[in-house]
Amino acid sequence: MQFSRVSTSFGRLSAATAALLSPVVAFAQDAAAPAAEAVAAAPVPDKGDTAFMFLCTILVLFMLMPGLGLFYGGLVRAKNMLSVLMQCTVVGASMMLVWVIYGYSFAFGGSENAYFGGTAKLFLSGISMDSTAATFSDAVIPEYIFMLFQMTFAALTPALIVGAFAERIKFSAALLFCILWATFVYFPVAHMVWDANGLLFAMGALDFAGGTVVHINAGVAGLIGAIMIGKRTGFGKDMMAPHSMTLTLVGAAMLWVGWFGFNAGSNLEASGGAMLATVNTFIATAAAIVSWCIVESFTRGKASMLGAASGMIAGLVAITPAAGIAGPMGAIVMGLLVSPLCYFFIAVIKNKFGYDDTADVFGVHGVGGFFGALATGIFASSSLGGIGYADGVTMGGQFMTQLTAVVITIVWCGIVSAILYKVVDVVVGLRVPVEAEREGLDLASHGEAAYHS
């Protein structure tokens, strides 16, 4: 606008002044042209995609609060209900702060390092209302909503671990461990899997919505925590049945609803890929519920509500890495197969080794995550209804890539998690005293009770 006004008044200037200014005006106009072209060419976020991602972000928050809290809360004894709700709530809130301070940068900071996102976006540096993040097509979405969507994943994943050592861990220990774990396990693995410069991304590993990053990570960390913290006092002797299957089903149902945001939102835009993820999230879960009930009917003589809820979560876990990759029939097969596998680990392997995984975090998230990640390499095949492989990649090659990604995730998470549990034990101690455990963590740790007689 300034250059145009100078040009308009050019004729009213004296000839000498005009001669003096003409090179300046010409240079300014030439310099402004590319800038104007750049502004015109800058991609503009689609409002529909932005609204879609906003909804998906809120749905993932719904998974954490109140979904996960109620699901785990119903599975523990009544005297520990509030302690689980507190752990899920405060761990989630703490992770939101950690994410915007340094987590987003560590995962998606733009570094070319294969393991670390860098420090360029600490404190959300460089992110504004005008900055954008690329989707899987030529579209973009506001970087704020991409950052927030990923934040809900980072808040939910450490909270998943809480179910493995519920009813005997100190509140401060759970909080400290989850912050350290996210820093040294979740953020690096998220970078490796989902950032274009990440190690596993470069290998061609497929993880549409978090089979490795979320479920294998949380499952392995939960198993190590259950072993290192030890069994609950009275485990195997006292009655430790879930105190409210009603609340567990309510929480599981909320998780299923929220999971549509989790899976469909990972497409980053409201396109056919998001709809495929939605279809698969419906039918893989339904197949897993039915499958778990069938298995229980043969092994126990009757199907249980706990089994149906467990099958629901197992199906959701299994389809997560394949949600936008496998076809609908492949999703049904994955749902049918995951439940017998998880049931076997919970009913046989867990009892054989005697570890106390309170909410079966490893049995469902860990084992279901292993299966889902590996099955993704198979059901991605276009011959089985999937979206197909990259040029030159075979089913066998993709399966081996998936296996490599699973092994790397297990090793990274396993070693670092064990170290972090020891650090937390030294700093604040992991377990509450036996007296507090017998009284219940609601009163002992928080001074309140979920129920009053």
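Q398 sits in helix 14, residues 395–427. Q398 counts as buried because its relative accessible area is 5%; my cut-offs are under 20% for buried, over 50% for exposed and partly exposed in between, with a 1.4 Å probe and protein chains only.

**Ground rules.** This is a predicted model, where local features need pLDDT of at least 70 and side-chain atom pairs count only at pLDDT 80 or more, while totals for chains, interfaces and linings use all residues. Residues are numbered from 1 along each chain as its sequence is written, and side-chain values use heavy atoms, with hydrogens and water left out.

**Overall.** I found 16 helices and two strands in the protein chain. Both are DSSP runs numbered from the N terminus: helices are H or I with at least four residues, strands are E with at least two. Along the principal axes, the C-alpha atoms fill a box of roughly 105 × 55 × 40 Å. Of the 453 residues, 53% are buried. Among contacts with a separation of 6 or more, 77% link residues 24 or more positions apart.

**Core.** The largest nonpolar core has 125 residues. By that I mean buried Ala, Val, Leu, Ile, Met, Phe, Trp, Tyr and Cys residues joined through side-chain atoms within 4.5 Å. L68, Y72, W99, W181, Y186, F187 and F262 touch the most other members. Helix 6 (residues 171–194) gives the most to this core, 15 residues. I then checked W181: leaving aside neighbours within four places in sequence, its contacts include T157, P158, I161, Y186 and N217. C413, S417 and L420 are also among the residues W181 contacts.

**Helix 4.** Where is the kink in helix 4 centred? On W99, at about 65 degrees, in a helix that spans residues 81–108. The bend at a residue is the angle between axes fitted to the seven residues ending there and the seven starting there. Just after helix 4, I noted that G110 has a positive phi of about 90 degrees.

The largest pocket holds about 930 Å³. The search ran on a 1 Å grid over the protein atoms alone; a pocket is an open set of points where a 1.4 Å probe fits, with protein on both sides within 12 Å along at least five of seven lines, and lining residues have an atom within 4 Å of a point. Points are joined across faces, edges and corners, and the volume is the space filled by probe spheres set on them. The lining has 35 residues, and F136, W194, D195, F201 and L268 are the closest to the centre. Helix 5 (143–161) gives the most to the lining, with five residues.

**Loops.** A42 lies between helix 2 (15–41) and helix 3 (47–75). A42 counts as partly exposed because its relative accessibility is 39%. Its C-alpha is 17 Å from that of F136, 94 residues apart along the chain. S383 lies in the loop between helix 13 (361–379) and helix 14. S383 is exposed, since its relative accessible area is 61%. S383 and G327 are 56 residues apart in sequence but 9.9 Å apart C-alpha to C-alpha.

**Cysteines.** I counted zero disulfides, taking a pair of cysteine sulfur atoms within 2.5 Å as the criterion. For C293, the nearest cysteine sulfur is that of C342, 14 Å away. C342 counts as buried because its relative accessibility is 0%.

Notes. Contact means heavy atoms within 4.5 Å.
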